[in-house]
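Biologist: Could you take a close look at the charged side chains for me, and then walk me outward from there to the rings and a helix? I would enjoy one connected account.

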Amino acid sequence: MIPVAVSHQRGHLLDIAPCSPHLLIQTEKGAFDSMATDLDPEGQVQQAELLETAVPARIADVLPDRLLILPLTQRPFFPAQAMPIVVDEKLWEATIERVGSTPHKLIGLSYARGLVDGVPDIEDIATTGTVARIHHAVRDQGRIQFIAEGLQRFQVQQWVRQNPPLLAQVAYPKVPDENANELRAYALAIINKIKELLPLNPLYKEQLKAYLDRFGPDQAAPLTDFAAALTSARGDDLQEILDTVPLLRRMEKTLVLVQHELEVAGLESEIRQRVEETISKHQREFFLREQLKEIQRQLGISKDDKTVEIEKFRARLDGLVIPEAAQERMDDEFDKLQMLESGSPEFAVTRNYLDTLTSLPWGRYSSDHFDLAESRAILERDHYGLDDVKQRIVEFLAVGSARGNTAGSILLLVGPPGVGKSSIGRSIADAMGREFFRFSVGGMRDEAEIKGHRRTYIGAMPGKLMQALRECGTANPVIMLDEVDKIGASYQGDPASALLEVLDPELNRDFLDHYLDVRFDLSKVVFICTANQLDTIPRPLLDRMEVIRLAGYITEEKTEIARRHLWPRVRANAGLKASQIRIQPTALKAIANDYAREAGVRNMEKLLNRVARKAVVELLEGARPPLVIAPGDLEHYLGPPNFRRQRAADAVGVVTGLAWTSLGGTTLNIESGLVHRKARGFKLTGQLGEVMRESAEIAYSYVTAHLGALGANPEFFDTAFVHVHVPEGATPKDGPSAGITMATALLSLALDRKLRRPIVMTGELTLTGEVLPVGGIREKVIAGQRAGVKEVILPEANRSDYELIPAYLRKGMKVHFVERFEQVAELCFGRTAKAAQRKKRR
């Protein structure tokens with residue numbers, strides 16, 4: 001038994017110093033140093049041989065059959081290790097003190113799986129561990145640190161105490177004898193792998209040095225345990241090595257771990273080397289640049305960053321035609337920039353200003369192409385239908401060709417959403433051979449978006465127009481101002497008023513951006529604005545534009561657009577080929593009629609995308625191509641139709657009118673009914689606006705006053721309570737164009753006769769029976785066609801508007817132009833009204 005001396009000086013919990021005649025172990029300053037004190041005369045006895053032969057031989061007789069157990073949370077502890085261990089003082093102080101009170105100072109170190117803090121369950125503690133001797137145990141801030149010297153494996157036979165301090169009955173497994181040649185071969189393999197590891201990480205060298213201080217390289221068992229402990233493998237993998245007692249199997253498993261560690265370490269070393277090379281390269285480039293600057297300075301050829309910037313800005317101005325005032329401002333700013341220090345805030349402001357000013361296309365214009373045949377071809381390529389709009393655009397280009405330029409041209413494309421306003425603007429730019437720039441002014445509330453911020457503000461920028469010119473690179477692009485009818489206003493200014501200068505051909509030749517503070521000529525720019533309606537556009541702004549209306553598409557046009565443009569694009573976006581899916585033209589027509597009845601084709605494209613997505617799912621699930629989409633398949637792909645078939649009214653007191661909406665034209669049934677005969681009265685429902693209510697009251701007054709002249713009982717309304725309703729009550733309705741429709745419905749109720757044939761109508765009615773003109777004639781005529789009605793009543797004053805409608809839209813339509821309501825009554829009810837008129841004349 002080895003005698004020990006126990007000390008409690010200077011915060012030590014216990015200081016164990018073995019006083020062997022062959023070995024002295026000191027643990028000063030937390031380090032574990034071993035040295036031989038009984039050397040042979042020539043000093044050749046190695047300390048590792050002493051530890052391997054003398055010490056284990058002496059301790060073999062004193063290893064106890066009961067051990068206090070200390071769980072380790074990170075990884076197992078191997079017999080070949082000697083290293084510091086830190087444990088929680090509160091949990092394990094009693095265990096360490098009891099070990100210090102034993103004569104052998106031995107403790108069992110076992111790996112606890114899954115433990116983070118606290119005392120583990122007995123089931124989580126590995127049954128195989130390492131007997132270790134404690135050296136130099138010290139308290140420090142709630143922790144206990146000591147040096148553990150691994151000695152030998154043990155296996156738990158039975159737990160004597162399952163609460164701290166943990167105590168177990170243990171046994172010490174013996175290593176069976178195995179083939180010495182195989183052991184030597186595996187040992188050499190492990191040594192070679194360790195040699196490969198040494199250059200990759202200097203920590204491996206330190207650990208190997210500590211190992212060789214205790215053992216020799218030819219001792220297979222400690223070598224195997226040391227190699228396993230050297231790796232960064234998971235705790236469970238290391239515990240598997242510790243559990244393996246037969247040395248040959250243990251060496252096989254260890255060799256696998258060391259090989260994996262070698263691969264990881266090699267990869268880590270490669271990454272570290274690449275990082276170091278990159279850093280070295282950057283440092284080398286930095287020093288070379290500094291040397292180059294110094295050489296250039298000595299030779300007088302150096303240029304600082306400020307000079308380089310100024311030369312770059314001046315180079316941009318080569319070949320540009322700059323107005324005199326702008327050139328003077330640039331020269332002043334160049335002089336200021338030359339005097340400013342590059343670190344001053346004013347330097348950055350001036351530098352950014354010159355960057356913007358020199359990036360503008362002063363006097364740089366693209367050449368215009370006024371080939372009318374090519375322009376027609378481009379418009380036909382990009383758009384189907386809209387023949388009247390295309391003709392207007394060709395006329396616009398023709399005038400530009402005759403003049404030699406299109407200066408002062410400002411177009412306003414007005415129409416429902418999805419009819420192709422924005423794409424027409426791009427087609428105009430392509431036809432003219434100009435650059436195209438589009439930005440939306442919808443919701444814009446700050447006039448600085450148009451005219452720029454003053455440079456006194458932090459983060460000041462030029463307006464959108466200057467940014468457009470800078471991006472296009474020419475001073476005569478086509479600029480589209482989208483959604484001009486939705487422009488706003490706030491305390492920051494009125495952007496619509498700012499646009500007055502931009503869109504006035506007499507003013508925009510000297511446009512002044514607040515940021516630039518120099519004038520720029522915008523007279524060569526072609527401005528194209530878009531809007532859904534004219535009502536919200538300020539009148540002064542509207543007066544500066546040439547209005548081109550896009551009324552929308554009829555069913556045949558939408559079907560053809562879908563076939564030529566929408567469906568090929570949708571199919572390509574979905575990754576489908578023409579051989580995989582086909583859609584019949586009748587199905588496209590059914591989609592236009594039953595699912596996408598609005599004026600534009602945007603919603604129709606969304607519906608075609610739904611069809612394509614479901615088709616892709618079916619093909620991936622095994623459907624056999626090609627898929628053919630027929631009208632009968634639409635409910636499967638799109639669900640029930642969104643619209644019912646529109647038909648002209650065919651009942652007493654019900655007449656179909658024509659209405660205009662922002663989405664295009666639509667039909668509107670006006671219903672009138674007799675509620676009772678107890679008292680006279682008149683009621684309106686259907687969420688009608690103020691103007692429409694007044695129209696209804698005018699119609700009621702006129703019909704009541706002229707019942708006899710119109711062939712009805714003059715006393716019909718004296719005791720009748722009449723209710724007039726406009727269906728779809730959730731939709732707000734307003735406007736005067738339903739005047740004659742309401743009057744006809746009331747007359748039908750008084751005559752107790754329905755219209756003699758399907759007919760639709762629109763027109764404002766006065767109290768004297770005159771029919772006044774209304775707007776949206778094209779949209780309303782298209783709506784009548786969609787409802788399948790071929791006969792329309794329009795005000796005489798709208799004859800010119802009807803004549804502007806393309807011939808293909810008027811084909812098959814029978815239109816009656818009227819000036820007074822008596823004509824409407826005759827068209828709707830025939831001889832009764834006409835006879836009453838003759839009787840009145842007699």
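Modeller: Happy to. Arg539 and Asp543 are both exposed, and their side chains meet in a salt bridge with an N to O distance of 3.7 Å. Please keep in mind that this is a predicted model. In total, 36 salt bridges are counted in the model.

Another of these joins the side chains of Asp718 and Arg680, with 3.7 Å from N to O. This pair links distant parts of the chain, 38 residues apart: Asp718 is in the loop between H22 and strand E22 (721–725), and Arg680 is in the loop between strand E20 (664–676) and strand E21 (681–685). Asp718 has a relative accessible area of 39%, so it is partly exposed. Arg680, at 43% relative accessibility, counts as partly exposed. Salt bridges can also share partners, and in this way Glu309, Lys312, Arg316, Arg351, Asp355 and Arg470 are joined into one network.

The side chains of Arg139 and Glu93 form a salt bridge too, at 2.7 Å from N to O. Here the partners are 46 residues apart and link distant parts of the chain, with Arg139 in strand E7 (residues 128–140) and Glu93 in helix H2 (residues 89–101). Arg139 is partly exposed at 34% relative accessibility, and Glu93 is partly exposed with a relative accessible area of 24%.

Charged groups also meet rings. Arg677 lies over the face of Phe716, 4.5 Å from the ring centre. Phe716 in turn belongs to one aromatic cluster with Phe682, Tyr700 and Phe717. Elsewhere, the charged end of Arg314 sits over the ring of Phe334, at 4.1 Å from its centre.

Turning to rings with rings, the structure holds eight aromatic pairs. One of them is formed by Tyr702 and Phe821, an edge-to-face pair with 5.7 Å centre to centre and 85 degrees between the planes. Tyr702 lies in helix H22 (residues 690–705) and Phe821 in helix H27 (residues 821–829), so their pairing ties together parts that are 119 residues apart in sequence. Tyr702 counts as buried, at 1% relative accessibility. Phe821 is buried as well, with a relative accessible area of 0%.

Now for the helix you asked about; I have picked H20. H20 runs over residues 602–620, and at 1.5 Å a residue its 19 residues should span 27 Å; the end C-alpha atoms are 28 Å apart, which agrees. The buried residues of H20 are Met604, Leu607, Leu608, Val611, Ala612, Ala615 and Leu619. Seen down the axis of H20, these residues fall within an arc of 145 degrees, so they line one face of the helix. What covers them includes helix H18 (555–573), strand E17 (581–583) and helix H19 (585–594), along with strand E18 (627–629) and helix H21 (634–638). On the face turned away from the buried side, H20 carries the exposed residues Arg602, Lys606, Arg613 and Leu620. After H20 comes Gly622, whose phi is positive, near 110 degrees.

How values were computed:
Residues numbered from 1 in each chain as written. Predicted model: local features only at pLDDT ≥ 70, side-chain atom pairs only at ≥ 80, totals over all residues. Heavy atoms only, no water. Helix = DSSP H or I, 4+ residues; strand = E, 2+ residues; numbered from the N terminus. Expected span 1.5 Å × (residues − 1). Buried < 20%, exposed > 50% of the residue type's maximum accessible area, 1.4 Å probe, protein only. Arc of directions from axis to C-beta. Contact = heavy atoms within 4.5 Å. Phe/Tyr/Trp six-rings, centres within 6.5 Å; stacked < 30°, edge-to-face > 60°. Lys NZ or Arg CZ within 6 Å of the ring centre and 35° of its normal. Salt bridge = Lys/Arg side-chain N within 4 Å of Asp/Glu carboxyl O.
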